[in-house]
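Please look over the sequence and the structure shown here before reading on. The notes that follow are grouped by topic, so that each part can be found in the picture.

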Amino acid sequence: SPRSHGHGSSHSSSGGSTLLGYIGIDTIIEQMRKKTMKTGFDFNIMVAGHSGLGKSTLINTLFKSQVSRRSTGWSRDEKIPKTVEIKSVSHVIEEGGVKMKLTVVDTPGFGDQINNDNCWEPISKYINEQYEKFLKEEVNIARKKRIPDTRVHCCLYFISPTGHSLRQLDIEFMRRLSHSVNIIPVIAKADTMTIEERQEFKQRVRKELEMSGIEFYPQKEFDEDMEDKSDNDKIREAMPFAVVGSDKEYQVNGKRVLGRKTAWGIVEVENPHHCEFAQLRDFLIRSHLQDLKEVTHNIQYETYRAKRLNENGGLHPISSSDTQESNL
């Protein structure tokens with residue numbers, strides 16, 4: 001796999017060495033933890049899909065704070081833009097002493113035009129521009145110790161809960177971008193479907209993605225070992241997650257829960273019997289966040305970098321005249 005970093009075995013060539021006492025190699029993890037705690041880390045997430053699918057709400061629900069662009073001075077009566085725009089907003093979130101600089105990249109206008117031909121282009125251009133920025137810093141002779149990372153680590157693609165099939169635009173977007181960014185498809189507003197409809201729709205979406213040759217994250221070819229494969233297989237079989245977002249709290253059986261109140265009851269966002277939000281959150285944040293960053297750096301960015309350096313005739317500092325756009 002392109003990501004194996006030459007894991008050596010714990011035995012030396014002489015057939016394995018037995019330690020005569022405690023050395024302290026195991027403290028490296030704690031040393032790394034302390035360093036990371038000091039510097040913090042970046043996570044850049046993009047949301048795409050047409051308007052009205054609850055993208056901003058879902059992001060706020062994922063990070064339990066008002067982090068979407070709409071929560072920061074966006075008004076409900078703001079008109080849908082005539083073209084696809086790219087807007088990003090950053091926040092520093094801190095939990096348990098760990099600082100994360102979260103950047104949410106929004107794509108207002110995507111899929112909302114009468115003619116949506118090529119409306120994925122500005123998004124693809126933005127993703128590549130972030131790779132270009134990183135590359136420029138990297139090939140500088142006097143480069144920064146820590147290059148600011150604006151590369152998109154993950155794109156949540158919101159599928160409309162039609163219950164029928166994917167729109168041509170959905171397929172086109174994911175096919176065009178799956179090789180330059182980690183795409184995680186989600187079915188939006190899942191409370192509009194019955195459980196049976198939801199299961200059928202998920203199966204249909206999976207089948208259509210497979211038939212169109214679309215590889216979403218976690219990509220099969222990047223599983224590092226059997227354990228990785230079996231964990232990721234379970235996730236792949238459960239995708240696309242059918243989710244509901246909400247930043248409103250209600251009282252249910254004496255407990256405060258995030259939910260959506262309807263005439264016939266409350267949809268509890270974090271209740272796995274009601275929707276798959278908790279699965280998405282655990283996967284995205286609690287188990288695969290670091291891997292999303294690694295795949296972006298070691299695979300998506302690496303592909304871009306190789307292509308650009310080949311165009312450039314080898315590795316030399318890229319001058320500002322060399323900024324021609326490159327669409328992967």
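Predicted model: local features only at pLDDT ≥ 70, side-chain atom pairs only at ≥ 80, totals over all residues.

**A buried aspartate, aromatic rings and a sheet**

D291 has its place in helix 8, which spans residues 289–311.

*D291*
- With a relative accessibility of 18%, D291 counts as buried, because the cut-off for buried is under 20%.
- The side chain of D291 makes a polar contact, at 2.5 Å, with the side chain of Y217.

*Aromatic rings*
- The count of aromatic pairs comes to eight; in one of them, the rings of F110 and Y157 have centres 6.1 Å apart and planes at 80°, so the pair is edge-to-face.
- F110 lies in the loop between strand 3 and helix 3, while Y157 belongs to strand 4, so this pair ties together parts that are 47 residues apart in sequence.
- F110 also forms an edge-to-face pair with F173, with 5.0 Å from centre to centre and 65° between the planes, and F173 lies in helix 4, 63 residues apart from F110.
- F110 is buried at 0% relative accessibility, Y157 is buried at 0%, and F173 is likewise buried at 0%.
- Ring pairs link Y131, F134, Y301 and Y304 into a cluster; the charged end of R151 sits over the ring of F134, 3.6 Å from its centre, and R151 also lies over the face of Y301, at 4.8 Å from the ring centre.

- Strand 8 (residues 255–262) is joined to strand 9 by four bridges, and K261 stands opposite I266 in strand 9.

Key: Residues numbered from 1 in each chain as written. Heavy atoms only, no water. Pairing = 2+ DSSP bridges. Helix = DSSP H or I, 4+ residues; strand = E, 2+ residues; numbered from the N terminus. Buried < 20%, exposed > 50% of the residue type's maximum accessible area, 1.4 Å probe, protein only. Polar contact = N/O pair within 3.5 Å; in protein donor to acceptor, adjacent residues only side chain to side chain. Phe/Tyr/Trp six-rings, centres within 6.5 Å; stacked < 30°, edge-to-face > 60°. Lys NZ or Arg CZ within 6 Å of the ring centre and 35° of its normal.
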